[in-house]
Amino acid sequence: MPKPQLKTPADWLWYLFCGGCMGAADVVPGVSGGTMAFILGYYEDLINNVKNINFKVISLFFRLQFRELSEHIAWEFLAVIIVGTLGAIAALSQVITYLLNDEVYRVYLYSGFLGLILASVIFCARKVEVWSKQCVTALILGAGVAFLVTNFTLPSHKEAVYYDVSIPLDFGGTKEISNYQEGKLVGVKSSELAAMLAKGYVQYDTVIVNTLTAQSTSVGDIVESPSYPIVLPWIVFCGAIAISAMLLPGISGSYLLTILGTYPIVIGALADLTYGLKDFHLDWDAVILLSNLLVGILFGGAFFSRVISWLFTHYYHATISLLVGFMVGALKSVWPFWTYTYQLLPLKLDNGPKLISVSPILPEIHLPLLWTALSITIVAFVSVFCIELIALRKPQPKK
């Protein structure tokens with residue numbers, strides 16, 4: 001029978017707490033839910049149960065045959081983890097968003113993240129009994145891949161077209177917004193116009209100006225109503241890549257969607273679907289696109305979980321070393337001290353000006369901000385090992 005089995009209320013509460021920690025990590029830039037699952041000791045159980053999900057399991061679930069279902073996966077364990085994860089995301093996302101948009105609080109927040117990841121690196125590295133050449137190679141490989149992924153920027157294509165969009169906005173306050181000048185949102189990608197139209201930020205007759213040619217036109221002349229075939233191989237692939245990243249420490253799935261260039265398309269489809277449902281209308285193009293994304297997520301999760309499970313079975317210590325490398329390579333993404341600018345995000349205008357990091361800096365040693373941030377890093381670092389002690393002292397559920 002799959003493990004773990006939840007036999008007591010304490011078991012249920014423990015894994016609800018674990019799911020909450022995973023959800024809290026998922027809303028943190030640079031920190032993955034996989035890292036937290038590893039610290040709390042249920043990473044392998046999670047991967048192995050996700051690996052066992054197949055068409056038969058799905059069929060048993062929809063037929064509500066839970067007794068037979070429990071012979072294939074620990075569905076209660078997965079259900080509690082999912083509930084805890086979604087609950088934490090819903091509860092913390094607004095708080096995290098607020099903190100990320102303040103220049104001081106953002107430093108404190110990332111200082112905590114840095115402490116969490118540094119402790120996670122030590123925690124995971126201790127599980128490698130002997131640092132053989134294979135483990136060292138895996139560590140270097142993981143660090144290199146994570147560093148390249150988290151520092152990758154899309155090359156600027158000559159054929160890319162940008163527009164200045166005439167849009168009246170009044171956010172008040174004294175923040176200087178670097179991409180909003182004289183009533184125009186500057187440097188908007190042509191690929192983002194459809195999503196802005198779907199979200200109601202612009203209309204078909206909204207005036208836009210080509211930043212290269214200075215020619216004026218309207219959104220309606222540029223944006224065509226999106227129409228998608230039934231099968232979208234690229235969207236399926238992007239969904240698979242995104243969920244695969246979320247199963248690994250230190251790499252964000254939404255970040256990879258941005259790198260792959262599909263984030264605006266996905267956001268636009270979500271907007272189309274949401275606005276359509278408000279008027280009791282189902283946008284089939286959006287449904288098709290999001291369905292393809294979901295297919296990619298399901299197949300990517302099923303395949304990648306099998307890969308990780310196989311690696312744990314045959315190359316346990318090398319796999320741990322690889323995961324440690326991922327965390328080390330992604331450390332730059334949670335460095336607390338940066339120069340900042342305020343910008344309006346074309347697809348999130350409702351949220352107002354957002355604090356955007358520009359380049360990392362070294363803080364001056366006499367600043368109180370540095371010492372407060374350092375204190376937060378130390379507290380976060382210690383808290384990981386406190387959680388480890390709680391996990392070690394908790395009575396283990398029957399497996």
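Me: What is the mean pLDDT of the protein chain?
Reply: This is a predicted model, in which local features need pLDDT of at least 70 and side-chain atom pairs count only at pLDDT 80 or more, while totals for chains, interfaces and linings use all residues. Residues are numbered from 1 along each chain as its sequence is written, and side-chain values use heavy atoms, with hydrogens and water left out. The confidence score pLDDT is given by the predictor for each residue, from 0 to 100. In the protein chain 84% of the residues reach 70 or more, and the mean pLDDT is 80.

Me: Which element of the protein chain has the lowest mean pLDDT?
Reply: Helices (H or I, at least four residues) and strands (E, at least two) are DSSP runs, numbered from the N terminus. Strand β4 (residues 207-210) has the highest mean, 92. Where pLDDT is low, the predicted coordinates should not be read in detail. The lowest mean, 60, belongs to helix α12 (residues 253-259).

Me: How many helices and strands does the protein chain have, and what percentage of its residues count as buried?
Reply: The chain contains 16 helices and seven strands. Buried means under 20% relative accessible area, exposed over 50%, and partly exposed in between (1.4 Å probe, protein chains only). Of the 399 residues, the buried share is 44%.

Me: How are the ring planes of Y15 and Y42 arranged, stacked or edge-to-face?
Reply: Rings of Phe, Tyr and Trp (its six-membered ring) pair if their centres lie within 6.5 Å; planes under 30 degrees apart count as stacked, over 60 as edge-to-face and the rest as tilted. By this rule there are 13 aromatic pairs. The rings of Y15 and Y42 have centres 6.3 Å apart and planes at 90°, so their arrangement is edge-to-face.

Me: How many residues apart in sequence are the parts that the pair of Y15 and Y42 ties together?
Reply: Both residues are buried, Y15 at a relative accessible area of 4% and Y42 at 1%. Y15 belongs to helix α1 (residues 9-26), whereas Y42 sits in the loop between α2 (33-39) and α3 (43-51). The pair therefore ties together parts whose separation in residues is 27.

Me: Which strands stand at the edges of the open sheet of five strands?
Reply: Two strands pair if DSSP finds at least two bridges between them. The sheet has the order β2-β3-β1-β4-β5, with antiparallel pairing. Each edge strand has a single partner, so one side of each is left without a neighbour in the sheet; these strands are β2 (180-181) and β5 (216-218).

Me: Which residue of β4 is the bridge partner of D164?
Reply: Strand β1 (residues 162-166) pairs with β4 in the antiparallel sense over three bridges. Within β4, the bridge partner of D164 is V209.

Me: Is S166 buried or partly exposed, and which residues does S166 touch?
Reply: S166 lies in strand β1. Its relative accessibility is 27%, so S166 counts as partly exposed. Contact means heavy atoms within 4.5 Å. Not counting residues up to four places away in sequence, S166 touches G183, K184, T206 and V207.

Me: What is the phi of E182?
Reply: E182 is in the loop between β2 and β3 (184-189). At 82% relative accessibility, E182 counts as exposed. Although E182 is not a glycine, its phi is positive, at about 50°.
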